[in-house]
Amino acid sequence: MRSVISRGLSWLAAALIGGVYGIAATIAHSFLWGAIPVGLILGAIACASLLIALRALTGDRWAALAAGFGMMALILVISQRGPGGSVVVPNTPLGNIWTYLVAGIVVLVVAWPDLSRLRASAPTAHTQRPAPHEPPASVHRRPPASSPPAGREPPSPHGS
């Protein structure tokens, strides 16, 4: 029971942290430096880094999904027209790219296959046995002991 509560609380915390990242990156996404959308790039890197860290450190795709849900939910909420008529994410190409970019990052990180099972089942260098080594052809081998000719018995060690 304690494990269920612990996991639920960790998913809630991940959703809240994802929401904070989503709000911060959404506010910054429209910053341009000349023609370069620096805010969009840095916001995407920050959101992707959070999701990848959650997925890698917890080993749980559900925590990354909860953070992604928090990001997407708060991006949707602050993208609506505010009471004063202001819009944080205007209906421009940059705003649309931002919305779909975050959704794509969430899907990519959550759907990425779990490769830890492959690494766990792959033999390591310490567990592999070395391949049998054949001596080079130039090494002279002693011919195998031959059997005595037919009809003749080998000499007896007792001399009879």
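Student: Leaving aside its neighbours within four places in sequence, which residues is Arg-81 in contact with?
Tutor: Keep in mind that this is a predicted model. Arg-81 is found in the loop between helix H3 (61-78) and H4. Once the neighbours within four places in sequence are left aside, Arg-81 is in contact with Ser-86 and Val-87.

Student: Does Arg-81 count as buried or exposed?
Tutor: A residue counts as exposed when its relative accessible area is over 50%. The relative accessibility of Arg-81 is 63%, so Arg-81 counts as exposed.

Student: How are H1 and H2 oriented relative to each other?
Tutor: The axes of helix H1 (residues 2-28) and helix H2 (residues 38-58) come within 8 Å and cross at roughly 170 degrees. Angles over 145 degrees count as roughly antiparallel. H1 is therefore, relative to H2, roughly antiparallel.

Student: How many nonpolar, polar and charged residues are in the contact of H1 with H2?
Tutor: On the H1 side, the residues are Ala-14, Ile-17, Gly-18, Tyr-21, Ala-25 and Ala-28. On the H2 side they meet Gly-39, Leu-40, Gly-43, Ala-46, Cys-47, Leu-50 and Leu-54. Gly counts as polar here. By class, the contact has 10 nonpolar, three polar and no charged residues.

Student: Which helix gives the most residues to the lining of the largest pocket?
Tutor: The largest pocket has a volume of about 410 Å³ and is lined by 16 residues. H2, helix H4 (93-111) and helix H5 (116-121) each supply at least two residues of that lining. With four residues, the helix that gives the most is H2.

Student: How do the residues of that lining divide into nonpolar, polar and charged?
Tutor: Arg-55, Ala-56, Val-109, Trp-112 and Pro-113 lie nearest the centre of the pocket. Arg counts as charged, while Ala, Val, Trp and Pro count as nonpolar. For the lining of the largest pocket, the division is nine nonpolar, two polar and five charged.

Student: What percentage of the residues in the protein chain is buried?
Tutor: Buried means under 20% relative accessible area. The protein chain has 160 residues. Of these, buried residues make up 22%.

Terms used: Residues are numbered from 1 along each chain as its sequence is written. This is a predicted model: local features need pLDDT of at least 70, side-chain atom pairs count only at pLDDT 80 or more; totals for chains, interfaces and linings use all residues. Side-chain values use heavy atoms; hydrogens and water are left out. Axes are lines fitted to C-alpha atoms, for helices over the stretch in contact, and angles run from 0 to 180 degrees between N-to-C directions. Angles under 35 degrees count as roughly parallel, over 145 as roughly antiparallel, 65 to 115 as roughly perpendicular and the rest as oblique. Contact means heavy atoms within 4.5 Å. On a 1 Å grid over the protein atoms alone, a cavity is a set of points where a 1.4 Å probe fits but cannot get out, and a pocket is an open set with protein on both sides within 12 Å along at least five of seven lines; lining residues have an atom within 4 Å of a point. Grid points are joined across faces, edges and corners, and a volume is the space filled by probe spheres set on the points. Buried means under 20% relative accessible area, exposed over 50%, partly exposed in between (1.4 Å probe, protein chains only).
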